[in-house]
Amino acid sequence: MATIDDLKDLLSQDVDQLRVLAELLKKEKDCLSASDVRALQGLTSEKNQLLEQVRGRARQKIHCLVAMGYKPDSGEPSGFIRSAGLTELYDLWKQADTQMRECQSLNQHNGRVVAHLQKRLSRLTDIFRGATGQQKLYGQKGEHTTVSSRTILASA
């Protein structure tokens, strides 16, 4: 029974820390919107610490499950827990899973914002360098080609 209690403790810690991570990701979204780089650096550090702790507990949870008789190649751990009739443990597992999915969704959204900002920055850099979409040159085969900062005009 100690293994079950250990797993409950690990899952409870996951649920709590994943809630904190979700809040950090929401703050990260706000910082991205406000272009607050200093705050982003602090949030990234906190986020990385939380993720390391969650990863460490993931390994511990697998060890607990294996000690309970779970075989990693037999499918989802939630199915094993449910089939063992451990409803309280199953509910905790589902809570942690729900929190994890929320964090993934928030992180994907922030990733799209970062990608958009990178694309915008790249476009602005091209404009500052004078490489706009209107500049065209003739290519090797006589066709019109658009010049950007990534176009190689000549090589030695």
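## Contacts around Leu89

Contact is taken here to mean heavy atoms within 4.5 Å. Leaving aside neighbours within four places in sequence, Leu89 is in contact with Ile4, Leu7, Lys8, Leu11, Met68 and Ile81. The model is a predicted one, in which local features need pLDDT of at least 70 and side-chain atom pairs count only at pLDDT 80 or more, whereas totals for chains, interfaces and linings use all residues. Residues are numbered from 1 along each chain as its sequence is written, and side-chain values use heavy atoms, with hydrogens and water left out.

## Overall architecture

The protein has four helices and two strands, where helices (H or I, at least four residues) and strands (E, at least two) are DSSP runs numbered from the N terminus. From the N terminus on, these elements follow the order α-α-α-α-β-β. Of the 156 residues, 27% count as buried, a term that stands for under 20% relative accessible area, with exposed meaning over 50% and partly exposed in between (1.4 Å probe, protein chains only). Among contacts between residues at least 6 apart in sequence, 56% join residues at least 24 apart.

Helix H4 (residues 87-129) has 43 residues and reaches 62 Å from its first C-alpha to its last, close to the 63 Å expected at 1.5 Å a residue; the expected span is 1.5 Å times one less than the number of residues. Its buried residues include Leu89, Tyr90, Trp93, Gln99, Asn110 and Asp126, and the buried residues of H4 pack against helix H1 (2-34), helix H2 (37-67) and H3.

A nonpolar core is a set of buried Ala, Val, Leu, Ile, Met, Phe, Trp, Tyr and Cys residues joined through side-chain atoms within 4.5 Å. In the largest, which has 15 residues, Leu7, Leu11, Leu65, Phe80, Ile81, Leu89 and Trp93 touch the most other members. H1, H2, H3 and H4 each supply at least two residues of this core. Apart from it lies another core, of 13 residues, among them Leu21, Ala22, Leu24 and Leu25.

Ser78 belongs to helix H3 (residues 77-83) and counts as buried because its relative accessibility is 14%. Beyond its neighbours within four places in sequence, Ser78 is in contact with Tyr90 and Trp93, both of which are among the buried residues of H4.

Phe128, by contrast, lies in H4 and is exposed, with a relative accessible area of 74%.
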